[in-house]
Amino acid sequence: MILDYSSSFHYVLALLPEVVLSCWGMLVLIMGVARRREPGHGQELGWMSLAGLGLAAVANGWLYWGVSEAGAAAMIAVDRFRLFANWVFILGAALSIVISLSYVTRQKLQAGEYYSLILFATIGMMFMGAARDLMIIFLGLELMSIGVYALVGFNRRDRRSAEAGLKYFLLGAFATGFLLFGIALVYGGAGSTNIHSIAGAIQSGNAANVLMVPGVALLAIGFGFKVALVPFHMWTPDVYDGAPTPVTAFMAAAVKTAAFVAFLRVFVVGLAGVYDQWWTVLWSLAAITMVAGNVVAVAQSSVKRMLAYSSIAHGGYLAVAVIAANDTATAALLFYLLVYTVMNIGAFAIVITVSDQSESNHRIEDYAGFGWRRPALGVFMTVFLLSLAGFPGTAGFIAKYQLLLGAAEAQLWVLAVVLVLTTVVSYWYYLRVAWFMWMREGDETSEAVAAAADPPLATHVVLVLCVGLILLGGIFPGAVLDLAIGSAEGLRGVMAGATATLAP
Amino acid sequence: MLSHALLLSAVLFVIGTLGVIIRRNAIIIFLCIELQLNAVNLAFVALSRYTGIEGQLFVFFVMTVAAAEAAVGLAIIISIFRHYKTVDVDKFNLLKW
């Protein structure tokens, strides 16, 4: 089927996953209010949200394989780049919901609001991935951010959660101000908010440089905050540390994915013509992020905080794909984001288990001897850590390798070397957790921790699924990688211009 | 005319930015962020005189979003006030900044 927007029904079809999920989110909210006094309603609402995500995934699959669009003028892109990203968002949200199921009950959170906020934030991410217009990017970003502000501060009984919520809200809104001013200046410079019209205006030399240069700089700052590039990362460790752990997993995986997808589309497609002006800036941001993120992660004593810094470091790796600005790097970005979602949420599922569905036992000493007392969980965690570190045989290795291929194609040799060297540094702090789990004798606290660690069946299913995907992606990456490469081709036409200016 | 309006918008934006950095009261910081957003609105309206209706449309979205953000933001500030009995951001030190 071809969408040409001759009838207004085509707009609904182009937005089918978003429409399905919006209706479902409101339904979950209403059910949450109607059934809030019944015991066990939290679990039901969680499963209901998962069903909605499943429907959205099916709708997305129909768009992926059954639909193509005529032209590229619409505000909403129906290209495979967007639809692949949608699957990553849906997967991230679904895994986060499953690992929330017992956490929400244990912490007595309001389940209806919690799950519907996750669904609404997911819709915002989908809009960010779909946007071909800066207006939609702004709206999607805010829909996502406002939902996540509330989720971070969701546990109102917990001081740390409230504090993290305030910090995330103030700095997030501050960053939005920069992004918005950047959008205004680019709009003034190029005369349009449509990404393709902006690219056209730049190519034909109609863009006013006096507005474009500060505009692009402000856009870079705004996106830098959202994807947590150093030096705009200072909110990340505090917010990831203080937020409820399933929310941290959701933020580290899905929110980062959404910000990167929009980042790539704006910079690589819309601002391809001024590549010479922005690539040096992003180059230095990516290099500093990789170095600082990995070095500071070494010094962390809390596993949750270590994973926060590790997510900053991964943001640095992913920024390399934006700078490389070619098909290989775009496919690598999509593949990396998928793999990162799976391995990161898997690691956080173990963190939730060890912390006994609450916010205690995040110290690395609490993991001492964990592997011998809980062999299955220990092996799972080790796989996640190895994959995060990019060990051969895991999907994390293939993802990093693809990123390096993209960087090499763009001849970003120094960045590639920094990526490899900082990866070596990252082995230290990932493997330190594994070393504590397997090589250290547990003391009384950590033995009690291991004895109490008994995740529900749903978490076990998620863990097995994540480990399976990581090993599958590490040993037989072909199918998923081909899907990512095929999805990146949606951006090819416009990107040809970008790679032409790139050659020295 | 356009340069005057853009200059005013930039000055307002910088005042907002400085306010966020210098002031320590969470509500004042939030007001400074609103000042930033309204500086952007001014720029959009001024630019849309020359580039078409999109800028004015954008302003409506920004105002709506700012209202939604205020609702969530003030709720977060109230929830932290209940714990600390203050809205001074320097007093919130469980997590290192």
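1. A nonpolar core is a set of buried Ala, Val, Leu, Ile, Met, Phe, Trp, Tyr and Cys residues joined through C-beta atoms within 7 Å; a residue is buried if 20 or more other C-beta atoms, placed from the backbone, lie within 10 Å of its own. The largest such core has 239 residues, and those with the most contacts inside it are Val320(A), Ile323(A) and Leu403(A). Helix 14 (residues 327-354) of chain A supplies the largest share of this core, 21 residues.

2. The model is predicted: local features need pLDDT of at least 70, side-chain atom pairs count only at pLDDT 80 or more, and totals for chains, interfaces and linings use all residues. Residues are numbered from 1 along each chain as its sequence is written, while chains are lettered from A and ligands numbered from 1 in the order in which they are written.

3. Of the 504 residues of chain A, 66% count as buried. Along its principal axes, the C-alpha trace of chain A spans about 70 × 55 × 40 Å.

4. Which residues does Val320(A) contact, leaving aside its neighbours within four places in sequence? With contact meaning C-beta atoms, placed from the backbone, within 7 Å, they are Ala286(A), Leu403(A), Ala407(A), Leu412(A), Leu415(A) and Leu419(A).

5. Helices are DSSP runs of H or I with at least four residues, numbered from the N terminus. Helix 3 (residues 41-66) and helix 4 (residues 80-106) of chain A are roughly antiparallel to each other, a label for angles over 145 degrees between N-to-C directions.

Methods. A residue is buried if 20 or more other C-beta atoms lie within 10 Å of its own, exposed if 12 or fewer, and partly exposed in between; C-beta atoms are placed from the backbone. Helices (H or I, at least four residues) and strands (E, at least two) are DSSP runs, numbered from the N terminus. Two residues are in contact if their C-beta atoms, placed from the backbone, lie within 7 Å. Axes are lines fitted to C-alpha atoms, for helices over the stretch in contact, and angles run from 0 to 180 degrees between N-to-C directions. Angles under 35 degrees count as roughly parallel, over 145 as roughly antiparallel, 65 to 115 as roughly perpendicular and the rest as oblique.
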